[in-house]
Amino acid sequence: MPSRKALIRRPSPRLAEGLVTHIERRPVDAALALEQWEGYAAALRAHGWETVEVDPADDCPDGVFIEDTVVMFRNVALIARPGAQSRRPETAAVEQTLAELGCSVNWVWAPGTLDGGDVLKIGNTVYVGRGGRTNAAGVQQLRAAFEPLGARVTAVPVSQVLHLKSAVTALPDSTVVGHPPLVDNPSAFERFLPVPEESGAHVVLLGGGKLLMAASAPKTAELYADLGYEPVPVDISEFEKLEGCVTCLSVRLRHLYT
């Protein structure tokens, strides 16, 4: 049976100190961010997902962006080695939680770096963004971990945004969606649909055609509704100030043994 668990981690009190790479720093309201995070978690639960809260990482400003700490393929976890050294302490508690859930755990080792936000899975195809915080050795180690399990790993360039999934995600029918000015090579994907807003390129598949997405992309939500999907908007404005999006605030575990 498919599982419907989502790892989440509450924001650090130091959230406003989080890294920014491709945008200018703006003030972050930590209290509002916590309220928005609670709303995000509530939206997951309202659509049938069990949230599993990983121990806080209060000394890690970016710890709430939990997706970057691990890549899942089936029930196998590849613990990331983030490209930003300050983020590497975020992985330990995630590793412990996944082991307790029964996952098979593997690791990325030096000199490899890999951020989970650079990995987009569409069925057995695994796209890996190369050029930001994920290096060639990280891509090689991901191949070594997942290709024996049936994954087809394809590296794609990333230069305009922080992570691959800052530029593109995929709809339930496997169409890749992205905001064209931020996508290095749309032709890398079998099917590509341009969307009118940057944050509209980020969707979490909740099941049943429901798409969790940022409230900041109303035009894209209309586009998805016209295609027969049901947008589920959440306000994540404080996380967007830190290059965050709906995908990075959770790790969806769809293939645990149950």
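1. Pro 111 lies in the loop between strand 5 and strand 6. Helices (H or I, at least four residues) and strands (E, at least two) are DSSP runs, numbered from the N terminus. The peptide bond that joins Ala 110 to Pro 111 is cis, with omega about 10°.

2. Ground rules. The model is predicted, so local features need pLDDT of at least 70, side-chain atom pairs count only at pLDDT 80 or more, and totals for chains, interfaces and linings use all residues. Residues are numbered from 1 along each chain as its sequence is written, and side-chain values use heavy atoms, with hydrogens and water left out.

3. Positive phi. Two non-glycine residues deserve a look. Arg 74 has a positive phi of about 60°. Arg 74 sits in the loop between strand 3 and strand 4. Its relative accessibility is 41%, so Arg 74 counts as partly exposed (buried is under 20% relative accessible area, exposed over 50%, partly exposed in between; 1.4 Å probe, protein chains only). Glu 243 also has a positive phi, about 65°. Glu 243 belongs to the loop between helix 6 (237-240) and strand 15 (251-253). At 14% relative accessibility, Glu 243 is buried.

4. Helix 3. This helix spans residues 136-146, and its buried residues are Ala 137, Gly 138, Val 139, Gln 141, Leu 142, Ala 145 and Phe 146. What covers them? The cover includes strand 3 (70-73), strand 4 (76-79), strand 5 (104-107), strand 6 (119-122), strand 7 (125-130) and strand 8 (152-157). At the helix start, a side-chain oxygen of Asn 135 comes within 3.2 Å of the backbone nitrogen of Ala 137.

5. The whole structure has two cavities of 30 Å³ or more. A cavity here is a set of points, on a 1 Å grid over the protein atoms alone, where a 1.4 Å probe fits but cannot get out; lining residues have an atom within 4 Å of a point. Volume is the space filled by probe spheres set on the points, which are joined across faces, edges and corners. The largest cavity holds about 120 Å³. Its lining has 18 residues, and Asp 68, Leu 162, His 163, Glu 243 and Cys 248 lie nearest its centre. Six lining residues are nonpolar, five polar and seven charged (nonpolar: Ala, Val, Leu, Ile, Met, Phe, Trp, Tyr, Cys and Pro; charged: Asp, Glu, Lys and Arg; polar: the others, Gly among them).

6. Second largest cavity. This one holds about 70 Å³. Its lining includes Val 156, Pro 157, Val 158, Leu 182, Asp 184, Asn 185 and Phe 189. Strand 8 and helix 4 (164-167) are the elements that give two or more residues to that lining. By class, the lining divides into 10 nonpolar, one polar and one charged.

7. The structure holds 10 salt bridges (a side-chain nitrogen of Lys or Arg within 4 Å of a carboxyl oxygen of Asp or Glu). Lys 165 and Glu 67 form one, with their closest N and O atoms 2.7 Å apart. Lys 165 is in helix 4 and Glu 67 in the loop between strand 2 (50-53) and strand 3, so the pair ties together parts 98 residues apart in sequence. Buried or exposed? Lys 165 and Glu 67 are both buried. Glu 67, Lys 165 and Arg 252 are linked in a salt-bridge network.

8. Partly exposed salt bridges. Glu 230 and Lys 210 pair at 3.9 Å, N to O. Glu 230 is in strand 14 (residues 230-234) and Lys 210 in strand 13 (residues 210-214), so this pair links parts of the chain 20 residues apart. Glu 230 is partly exposed at 40% relative accessibility, and Lys 210 is partly exposed at 25%. Glu 17 and Arg 14 meet at 2.9 Å, N to O. Glu 17 is partly exposed, at 47% relative accessible area; Arg 14 is partly exposed too, at 33%.

9. Lys 5. This residue is in strand 1 (residues 5-8). Its side chain makes a polar contact of 2.7 Å with that of Glu 50 (a pair of N or O atoms within 3.5 Å; within protein, one must be able to donate a hydrogen and the other to accept it, and residues adjacent in sequence count only if both atoms are side-chain atoms). Beyond neighbours within four places in sequence, Lys 5 is in contact (heavy atoms within 4.5 Å) with residues including Trp 49, Glu 50, Leu 101 and Arg 252.

Notes
On a 1 Å grid over the protein atoms alone, a cavity is a set of points where a 1.4 Å probe fits but cannot get out, and a pocket is an open set with protein on both sides within 12 Å along at least five of seven lines; lining residues have an atom within 4 Å of a point.
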